[in-house]
Amino acid sequence: MGESFDVAIAGGGIVGAACAEECRAAGLKVVVVEPGPVGGGATAAGMGHIVVMDDSPAQIALTRCSRDLWLARRNSLPANVEYLPCGTLWVAADQEELAEVHRKKALYDGIGVRAEVLDARSLAEAEPHLRSGLAGALLVPDDSVVYPPCAARHMLRDIEVRREAAVQLSGQGIRLRDGTFLAAGITVNATGAWAPELTPGIEVRKRKGHLAITDRYPGFVTHVLVELGYLKSAHSTTADSVAFNAQPRRTGQVLLGSSRQFGSETAAIESHMLARMLRRVREYMPEISELTAIRTWTGFRAATPDKLPLIGPVPADPRLYLATGHEGLGITTSLATGRLVADLIVGRTPVIPAEPYLPGRQAEAHHEG
Amino acid sequence: MKVSVNGREVTVAAGSMVSTAVAAAGVSLYRRSVTGEPRGPVCGMGICFECRVRIDGREHCRSCQIPCVDGMEVRTDV
Ligand SMILES: Cc1cc2nc3c(=O)[nH]c(=O)nc-3n(C[C@H](O)[C@H](O)[C@H](O)COP(=O)(O)OP(=O)(O)OC[C@H]3O[C@@H](n4cnc5c(N)ncnc54)[C@H](O)[C@@H]3O)c2cc1C
Ligand code: FES
């Protein structure tokens, strides 16, 4: 026999950390199981953009709620979380993408998310290193950037973390590699892209991404810059793709992304993908070639078929919860995920309707954009 | 040949590295760390990156690896 907890969580990434923080705030006794460094998985690899996304109503609800939760706590985050209220610029390369800017603007107006259309000239003034000839952009001023591993560490500040791998998971608790059993009222699988190893059969696949970061060039970019063509490329569920994404960091560094690949399971850099990604960056920001990159790496997103995370109990074992499948948005959506998990466990009215994210849901028909 | 270090002209022998010109100008603060600490050359062979300066407007150049060119403009601690 071992110890017992109200909630035992496998995985100390930002999602497990957010679940732990919310459960503890709800008065529950919580333990987190993480063999590696806290926030050392996708949470360390990703880009830390806190962003409202509008792929589907359920994605809007989750990202919107999460961004509100980030905004509400921005003044209490420690300095090492590097919260930067820089806003997003959705960059339109041509008139077709500018039409998308206006569509997005109308949608954001409708849900009370501040947004402003910039014409070509205002865009050039806002970001002088973008190439000339771009059509315009949508500015979403309340989006931001954080440094995710430190955010995860902060969320776990008062929570017991066991430095062991979970080898077996059920509604009864977690079996650790050293044989210890942590009994729990509720067990949560928050192991990101590794979740199917502990809960076989769930539809989560690894989607690899390449990243690069420059030396310090303060002011080189001042907003998160995302190409609108991203929507076309990110939606394709088969082909490998790259999209221009550049983020300012508090240090003055510029974080560059990103690629999307299924079927590549090694963390090694694939130079053809990295080169393709950097060429895409250069198409938007030619002067990037003058900057020195100091590090390149890869990370794995946990992707689901309908592009929504899996949050809540699995139908076959109602005491076993999933909190995974956040793909490229888990930094943003960690906070609403943690809140939803705690709401469901203690039986509160969920902060947003939980149905679209429940593991037993009928897969929503997804249209390729 | 002559190069300018932080606006001050110094004369160095042809083939001198920029780090030499900076030292000849009496400057020991080449750059600052991310937390604001002073930094200067350590390895002299392009490995440590501590000797970075701005050369002709280009940031983060390793001064120990770049030969002086007549008329070059060098800025430290930028
Ligand atoms: C290239 C890229 C860019 C991204 N950009 C953004 C962005 O700008 N904004 C955004 O919101 N999101 C972004 N994301 C997504 C975001 O990084 C992830 O969705 C998020 O980090 C997922 O967190 P997690 O806690 O679920 O997973 P992870 O951080 O991967 O955590 C899972 C943890 O489980 C642990 N684990 C694994 N197996 C076991 C086991 N058997 N027992 C115990 N623990 C185990 C691992 O060690 C790991 O620490 C990006 C992702 C990538 C790859
Ligand atoms: S002194 Fe080490 S790189 Fe120049």
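Trainee: How do the residues of the shell around ligand 1 divide by class?

Mentor: The shell has 15 nonpolar, 17 polar and three charged residues; Ala, Val, Leu, Ile, Met, Phe, Trp, Tyr, Cys and Pro count as nonpolar, Asp, Glu, Lys and Arg as charged, and the others, Gly among them, as polar. This is a predicted model: local features need pLDDT of at least 70, side-chain atom pairs count only at pLDDT 80 or more, and totals for chains, interfaces and linings use all residues. Residues are numbered from 1 along each chain as its sequence is written, chains are lettered from A and ligands numbered from 1 in the order written, and side-chain values use heavy atoms, leaving out hydrogens and water.

Trainee: Which residues are the closest to ligand 1?

Mentor: Of the 35 residues that surround ligand 1 (a heavy atom within 4 Å), the closest are A:Glu34, A:Ala42, A:Thr43, A:His49 and A:Thr332. A polar backbone atom of A:Thr332 lies 2.8 Å from a ligand oxygen, and one of A:Ala166 lies 2.9 Å from a ligand nitrogen.

Trainee: How many salt bridges cross the interface of chain B and chain A?

Mentor: A salt bridge puts a side-chain nitrogen of Lys or Arg within 4 Å of a carboxyl oxygen of Asp or Glu. Here the rule finds two, including A:Asp215 with B:Arg52 at 2.1 Å, N to O.

Trainee: What area do chain B and chain A bury between them?

Mentor: Buried area is the accessible area (1.4 Å probe) lost when two parts are put together, summed over both. The chains bury about 610 Å², 42% of it on carbon and sulfur atoms. B:Val34, B:Arg58 and B:His60 supply 67% of the area that chain B buries against chain A.

Notes. A polar contact is a pair of N or O atoms within 3.5 Å; within protein, one must be able to donate a hydrogen and the other to accept it, and residues adjacent in sequence count only if both atoms are side-chain atoms.
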